[in-house]
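Student: I would like a close look at one part of this protein. Please take it step by step.

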Amino acid sequence: MKKFLNSLFTVLLIVGIAGTFASFKDAMLVLKGETIDLNKTTLSDFNEDKIITGELYDLYGYLCTEEVTRTTYGIKTGSTETDFWLFSNSSKDQIADPEMEQNPVLFVYSTGSKDEIETIEKLNDEWYEYEEAISEWYYSEDASEENAPAPPVTTLKFTGKICDINDAEILKYRNDLLSEFGFEEADYDTYCAAKMVKFIDVKATKIIFFAAIGVMVVGLVGLIVSFVKSRKAKSEELY
């Protein structure tokens, strides 16, 4: 029984330490409580890792999907998918109101949230249909402001973290899309953030971090108590 408990506490300690280190960086960003508003950012705001919130609306297009496969003893047990999209930091209101116009900052946004992906795909369809309608309207003989097509209505309120783009393929897809929109390669860094924004679940991040600390503490305390009892038992045997 004693050996079993020592093994259990050791496992808890290792798992707790691993979980604490794995979640530490995100947890520190969240616990600082400092957030920036996407729709008020400038290019320089994307230079540091921070928590960022706001409204996603001005969608330039889809980049790619990354799939991570989970295996057990070589057998696939599941997978997760992360989508990557190119947005600007302009909100719906900022685009609609000329007085609120700002110099847009383009950035890569990634998410594995099914709800977010569903909303972004809906927004993507709306932008496609709007651009098609605008093209037809522009070349029609009776084009006027009164019968102009309505812009997309879908928006996405999000919370994310600014982080590095560590995959060269994502940068390639981003640059290819920028080129399609007419951006010159020399201007990429002028209009597009070098870092990306990644979806983060603030509540889950806190739970995982504190749970990992709790598991680590239980394992450590259990090993200490077991060690003290063992030393005490040996001392009693000697006397």
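Predicted model: local features only at pLDDT ≥ 70, side-chain atom pairs only at ≥ 80, totals over all residues.

Tutor: Residues are numbered from 1 along each chain as its sequence is written, and side-chain values use heavy atoms, with hydrogens and water left out.

Aspartate 115 is found in helix 3, residues 114–138. Helices here are DSSP runs of H or I with at least four residues, strands are runs of E with at least two, and both are numbered from the N terminus. The protein has six helices and seven strands.

Aspartate 115 is exposed, at a relative accessible area of 60%. Exposed means over 50%, buried under 20%, and partly exposed in between, with a 1.4 Å probe and protein chains only. Of the 239 residues in the protein, 33% are buried.

Asp115 also belongs to a negative surface patch, together with Glu118, Glu121, Asp125 and Glu129. Patch residues have over 30% relative accessible area and no salt bridge; like charges are joined within 9 Å, and nonpolar side chains (Val, Leu, Ile, Met, Phe, Trp, Tyr) within 5 Å. A salt bridge is a side-chain nitrogen of Lys or Arg within 4 Å of a carboxyl oxygen of Asp or Glu. Asp and Glu count as negative, Lys and Arg as positive, while His and the chain ends are not counted. Each charge is placed at CG of Asp, CD of Glu, NZ of Lys or CZ of Arg. Accessible areas come from the Shrake-Rupley method with a 1.4 Å probe; for residues, only the protein chains shown count as cover.

A nonpolar patch on the surface is formed by Leu220, Ile224, Phe227 and Val228. Phenylalanine 227 lies in helix 6, residues 202–238.
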